Amino acid sequence: MYDKEKDAIGAFLRGEMDRRALIRRLGGLGMTAASAGTLYNMMASNALAADFDWQKHKGKSVKLLLNKHPYTDAMIANLPAFKELTGMDVSYDIFPEDVYFDKVTAALSSRSSEYDAFMTGAYMTWTYGPAGWIVDHNEWINDPSKTNPNYNWDDMLEGVRKSCAWNGVPGGELGSDDAKQWCIPWGYEQNNLTFNAAMFEKAGVKVPANLDEMLEAAAAVQAGNDGVYGIGVRGSRSWATIHPGFLSAYANFGESDLSNDGGKLSAAMNTAGSKEFHAKWVKMIQESGASDWSTHTWYQVGTDLGAGKSAMIFDADILGYFMNGGENAMAGQLQFAPFAANPAASAPTPNIWIWSLAMSKFSKDLDATWYFMQWASGPEHGLFGATEMDFVNPVRKSVWDSDLFRERLNKNYPGYVEMHDVSAPGASIKFTAQPLFFDLTTEWAATLQRMVANEVPVDEGLDQLAQSMNSQLSEAGLR
């Protein structure tokens with residue numbers, strides 16, 4: 001069974017057939033994309049086993065601390081392949097995100113050896129790394145006796161890979177030559193537009209291409225659709241309000257959160273350019289945002305779009321992906337577009353969130369844990385998750401090159417592939433790496449709330465924010 005299909009995939013793995021020829025061959029044999037992905041994953045795993053001693057830690061087990069997420073679902077679904085490949089066992093605890101990061105902090109700060117590896121955001125490693133709670137993964141990546149020759153570290157999207165590396169010096173450039181690889185990218189989120197095509201068509205509004213057009217489009221599509229507000233963006237008093245659409249647009253204008261003068265940091269959001277940007281952002285929310293904007297997190301932004309309460313969101317592309325499926329009222333009606341807020345910019349430069357994997361420094365067996373890490377972040381599992389599960393966005397170029405994956409997206413998510421391709425070269429973390437990240441960005445969100453509520457003028461609010469941030473930076477010895 002599947003002998004001809006196996007021959008075709010084998011030829012592809014040996015470099016004797018390109019992707020398009022493989023797709024045509026499998027399609028001609030009547031094989032579905034899902035079945036082809038399963039067979040490919042199995043054969044790729046077998047090929048892996050021929051080049052590397054995956055059985056070195058046979059009989060050992062690793063325990064993971066995981067956030068409830070589609071990435072986790074994809075990994076669990078594919079664990080039988082890992083267990084067969086390595087002879088290792090994997091156990092895990094899964095927690096919802098509202099308590100997950102507290103669980104991680106508790107485990108690491110207590111130096112618990114219960115968990116060998118865990119999911120993390122890259123921002124969190126700015127605390128975990130300098131505290132000595134996680135390892136520099138370069139030690140394992142660069143050791144050919146511990147890393148399989150097909151791992152292909154350079155296959156990771158450069159901006160994503162570098163955003164997970166920092167030298168630990170406040171204000172130090174992410175991905176610098178002396179940076180430590182605090183975590184391994186797993187899946188990531190760009191921030192672009194997801195919009196309701198029918199609502200835009202009804203109102204006779206074109207999809208905006210920059211910030212000024214976004215203000216106009218949000219107001220016009222709101223006026224043209226009863227009971228709908230124009231644009232969904234986050235507004236809760238949290239660092240998570242600043243990092244998605246807001247910072248993606250802000251950075252596209254060349255604005256920064258902090259300035260770095262020879263290692264001395266200071267607030268940079270009270271420049272003339274920053275004040276102009278904030279004034280437009282505040283106006284957009286006041287005129288076309290949700291009436292309860294100040295409570296909106298990832299969840300509210302997404303569910304309002306999926307329920308048809310908002311016409312578009314400027315947030316994580318994968319949030320739009322999930323709202324365009326499942327039992328959402330607007331499933332199948334959403335489309336996607338790249339967004340460069342600055343009309344003078346040549347392309348989008350989205351700030352990104354990166355779900356990553358990291359090894360606890362207190363693991364009982366780091367080498368065995370690395371076997372799981374490299375498998376879970378490898379190209380074979382990435383392709384499995386992307387073609388058979390909801391593992392978007394993958395961090396590997398080879399997965400994005402897969403016609404199986406691209407055709408799956410093109411079929412049900414109009415504009416998604418083009419949006420990603422246009423934005424990926426400029427996608428990276430735009431924040432300044434420093435230990436006060438969560439405190440300062442949360443205060444930034446609180447100031448934004450005050451400005452939207454007309455409790456303080458934009459110029460005055462940003463001056464006050466900069467003064468407060470500079471005081472905190474000075475107290476911490478960073479200014």
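Predicted model: local features only at pLDDT ≥ 70, side-chain atom pairs only at ≥ 80, totals over all residues.
## The nonpolar core

Let's start inside the protein. The largest nonpolar core holds 146 residues, and the ones with the most contacts inside it are W281, F372 and Y416. Helix α16, spanning residues 366-376, supplies the largest share of this core, with 8 residues. As background, nonpolar side chains in soluble globular proteins tend to be buried together.

F372 is worth a visit in the viewer. Leaving aside residues up to four places away in sequence, F372 touches V62, L64, M75, L79, F82 and V90.

## A cis peptide bond

Most peptide bonds are trans. Here, a cis peptide bond links V392 to N393, with omega at about -5 degrees. To find the spot, follow the chain to the loop between α17 (379-388) and α18 (397-400), where N393 lies.

## Two asparagines with positive phi

Most residues other than glycine have a negative phi. N152 is not a glycine, yet its phi is positive, at about 55 degrees. N152 sits in the loop between α7 (138-141) and α8 (158-163). With a relative accessible area of 42%, N152 counts as partly exposed.

N454 also has a positive phi, near 60 degrees, and is a residue other than glycine. Look for N454 in the loop between α21 (437-452) and α22 (458-475). Is N454 buried or exposed? N454 is exposed, because its relative accessible area is 64% and the cut-off for exposed is over 50%.

Definitions and conventions: Residues numbered from 1 in each chain as written. Heavy atoms only, no water. Core = buried A, V, L, I, M, F, W, Y, C linked by side-chain atoms within 4.5 Å. Buried < 20%, exposed > 50% of the residue type's maximum accessible area, 1.4 Å probe, protein only. Helix = DSSP H or I, 4+ residues; strand = E, 2+ residues; numbered from the N terminus. Contact = heavy atoms within 4.5 Å.
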